[in-house]
Amino acid sequence: MAAALDMPMPAEWQALGLTPGLSLRVFGMRRSGNHAILSWLQRNAPRGRSVFLNNCKPGTDPLHSSRGIEVNGKHASQKLAKRDLPKVTRDAGDGALLLVSYEDTSPAEFGISRLPSGGFNETLFSHNVLIYRSFLNWSASLLKKVQANSGYTLVRRNGIVLRTMDSYIRLLGLVRQAQELGLVAICYDRWMRSSEYRGELLQQIGLVAQDNSLGEVQSYGGGSSFQKQARSASELQTDTRWQQMQGDAEYQALLHLAARDPALLNELEAVFPEDAAFLKSVAQQQPLPQGEGA
């Protein structure tokens, strides 16, 4: 025991300013409920003490590339954190929960020559967490989000969605192998529906349940793309987003493209079979009207 106590603190924890009790690296596509789940994890941190490094740049050390920081569930100064991170994190202290998040990417995008967290010692992470959402609701929410940006052309909007869809496919591939790879996979759809599922996840991660509610709607990314006035996450109708977008011509076109992607259908059949079945029915329909002049 004495030898263990004499071991020097890892350089990463010196730079952070504390030694976490539990450290989680979280991956997920935008509009997959990432921030709702990250907020829930913070609310269940030991004695409410946590450090959350938001939206880190993939392939780089998260201590130097985060785009936002929260300490003990509250926003902290990103500018000060860039200059003196230990000064910002000291209110959390040793034993706090550390959350490091990466958006629109997953470990599937990396390899030996380029690691998700750059030179950061990956063995210091207690768990790697994958957040994923059913394809139909995720794609509807993502398209609705980018449509709200008046500066985006149709080509740019759909380019964003299709590129992200490619990463989504590879993320689902990891979800299917999560248990054998030692990953914690969190399905946002189930997380929203079941407090029992949320409790099981906390136990798997190693946290004691303190607040297993859905919490408040998070402001990241402008909040909900569909229900701007919602404050409580329990108000959100996250399981009906694709039905709400069914009449949108862009979404219809997106579904026709998705229905013709064998890689996507293969993953969905294993993870979200109902989505796969719906897309197969879409593929049987003509995307354009067939008339005499066709």
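Asp211 has a relative accessible area of 25% and is therefore partly exposed, a label for values between buried (under 20%) and exposed (over 50%), taken with a 1.4 Å probe and protein chains only. The model described here is predicted, so local features need pLDDT of at least 70 and side-chain atom pairs count only at pLDDT 80 or more, while totals for chains, interfaces and linings use all residues. Residues are numbered from 1 along each chain as its sequence is written, and side-chain values use heavy atoms, with hydrogens and water left out.

Helices (H or I, at least four residues) and strands (E, at least two) are DSSP runs, numbered from the N terminus. Arg43 also counts as partly exposed, because its relative accessibility is 22%.

How many salt bridges are there in the model? The count comes to 8, where a salt bridge is a side-chain nitrogen of Lys or Arg within 4 Å of a carboxyl oxygen of Asp or Glu. Asp166 is partly exposed because its relative accessible area is 39%, and Arg170 is partly exposed at 33% relative accessibility. Asp166 and Arg170 are also linked with Glu109 in a network of salt bridges.

Another salt bridge joins Glu267 to Arg176, with the closest N and O atoms 2.5 Å apart. Glu267 lies in helix α13 (residues 262-271) and Arg176 in helix α7, so the contact ties together parts that are 91 residues apart in sequence. Are the two partners buried or partly exposed? Glu267 counts as buried, at 9% relative accessibility, whereas Arg176 is partly exposed at 43%.

The strands come next. An open sheet is formed by 7 strands in the order β4-β3-β2-β5-β1-β6-β7, with mixed pairing; two strands pair if DSSP finds at least two bridges between them. The edges are held by β4 (74-75) and β7 (184-187), each with a single partner strand, so one side of each is left without a neighbour in the sheet. Lys74 is found in strand β4 and counts as exposed because its relative accessibility is 62%. The C-alpha atoms of Lys74 and Gln42 are separated by 9.8 Å, and the two residues are 32 apart along the chain.

Further into the strand order, β2 has 5 of its 5 residues buried, so it is largely enclosed by the rest of the structure. From β2, Ser50, Phe52 and Asn54 point one way and Val51 and Leu53 the other way. β2 pairs with β3 in the antiparallel sense over 4 bridges, and Phe52 has Glu70 as its bridge partner in β3. With strand β5 (residues 97-103), β2 runs parallel and is joined by 4 bridges. In β5, Leu98 is the bridge partner of Val51, and Leu97 is that of Ser50.

β5 is mostly covered too, with 7 of its 7 residues buried. Leu97, Leu99, Ser101 and Glu103 point one way from this strand, and Leu98, Val100 and Tyr102 the other way. β1 and β5 pair in the parallel sense over 7 bridges, and the bridge partner of Arg25 in β5 is Val100. Strand β1 (residues 22-28) also runs parallel to strand β6 (residues 127-132), joined by 5 bridges, with Val129 in β6 as the bridge partner of Val26.

Finally, on the surface, Lys57, Arg67, Lys82 and Arg114 gather in a patch of positive charge. Patches are made of residues with over 30% relative accessible area and no salt bridge, with like charges joined within 9 Å and nonpolar side chains (Val, Leu, Ile, Met, Phe, Trp, Tyr) within 5 Å. Lys57 lies in the loop between β2 (50-54) and β3 (68-71), and counts as partly exposed because its relative accessibility is 46%.

How values were computed
Areas by Shrake-Rupley, 256 points an atom, 1.4 Å probe, with all protein chains shown as cover. Lys, Arg positive; Asp, Glu negative; His and termini not counted. Charge placed at Lys NZ, Arg CZ, Asp CG, Glu CD.
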